[in-house]
Amino acid sequence: MGKARKHLTDDQVQAIARAVADPRRFAILQQIARQDSTACGALEEQKVLSPATISHHLKELTEAGLIDVQREGRCASLTLQRDTWNAYLSELAKL
């Protein structure tokens with residue numbers, strides 16, 4: 001028996017579209033997607049963006065349901081929510 005496919009509302013699809021429309025946010029998402037889990041401090045964007053800006057981008061990705069942030073003290077581990085991403089791609093494929 002296969003895993004049930006996640007369904008997104010129109011509002012969720014629009015929130016994801018807005019989140020990934022920003023080039024820096026999309027670059028952060030791509031880096032997170034390359035690994036099972038990415039340490040927040042390991043983001044390449046830390047070389048060019050302020051911590052406050054990175055925090056804002058991570059908040060937008062989290063609110064769109066694209067990433068999960070697990071905090072351990074001052075450190076954070078970032079994980080792509082693949083079921084949400086795949087559901088978004090499925091919605092796009094319907095166009």
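Q: In what sense do S2 and strand S3 pair, and over how many bridges?
A: S2 and strand S3 (residues 75-80) pair in the antiparallel sense over six bridges. The criterion for pairing is that DSSP finds at least two bridges between two strands, and strands themselves are DSSP runs (E, at least two residues; helices are H or I, at least four), numbered from the N terminus. The model is a predicted one, in which local features need pLDDT of at least 70, side-chain atom pairs count only at pLDDT 80 or more, and totals for chains, interfaces and linings use all residues. Residues are numbered from 1 along each chain as its sequence is written, and side-chain values use heavy atoms, with hydrogens and water left out.

Q: What makes strand S1 and strand S2 the edge strands?
A: The open sheet has three strands in the order S1-S3-S2, with antiparallel pairing. Strand S1 (38-39) and strand S2 (67-72) each pair on one side only. Helix H2 (residues 23-33) packs on this sheet and touches S1, S2 and S3; the direction of H2 makes about 90° with that of S3.

Q: Why is H2 called roughly perpendicular to H3?
A: The axes of H2 and H3 cross at roughly 70° and come within 10 Å. Angles of 65 to 115 degrees count as roughly perpendicular (under 35 is roughly parallel, over 145 roughly antiparallel, the rest oblique), so H2 is roughly perpendicular to H3. The contact, meaning heavy atoms within 4.5 Å, is made by Arg24, Arg25, Ile28, Leu29 and Ile32 of H2 and by His56, His57, Leu58, Glu60 and Leu61 of H3.

Q: Why does histidine 57 count as buried?
A: Buried means under 20% relative accessible area, exposed over 50%, and partly exposed in between (1.4 Å probe, protein chains only). Histidine 57 has 6% relative accessibility and therefore counts as buried. Histidine 57 lies in helix H3 (residues 51-63). Apart from neighbours within four places in sequence, histidine 57 is in contact with Asp22, Arg24, Arg25, Ile28 and Leu49.

Q: Why is cysteine 75 called exposed?
A: Cysteine 75 has a relative accessible area of 53% and is therefore exposed.

Methods
Axes are lines fitted to C-alpha atoms, for helices over the stretch in contact, and angles run from 0 to 180 degrees between N-to-C directions.
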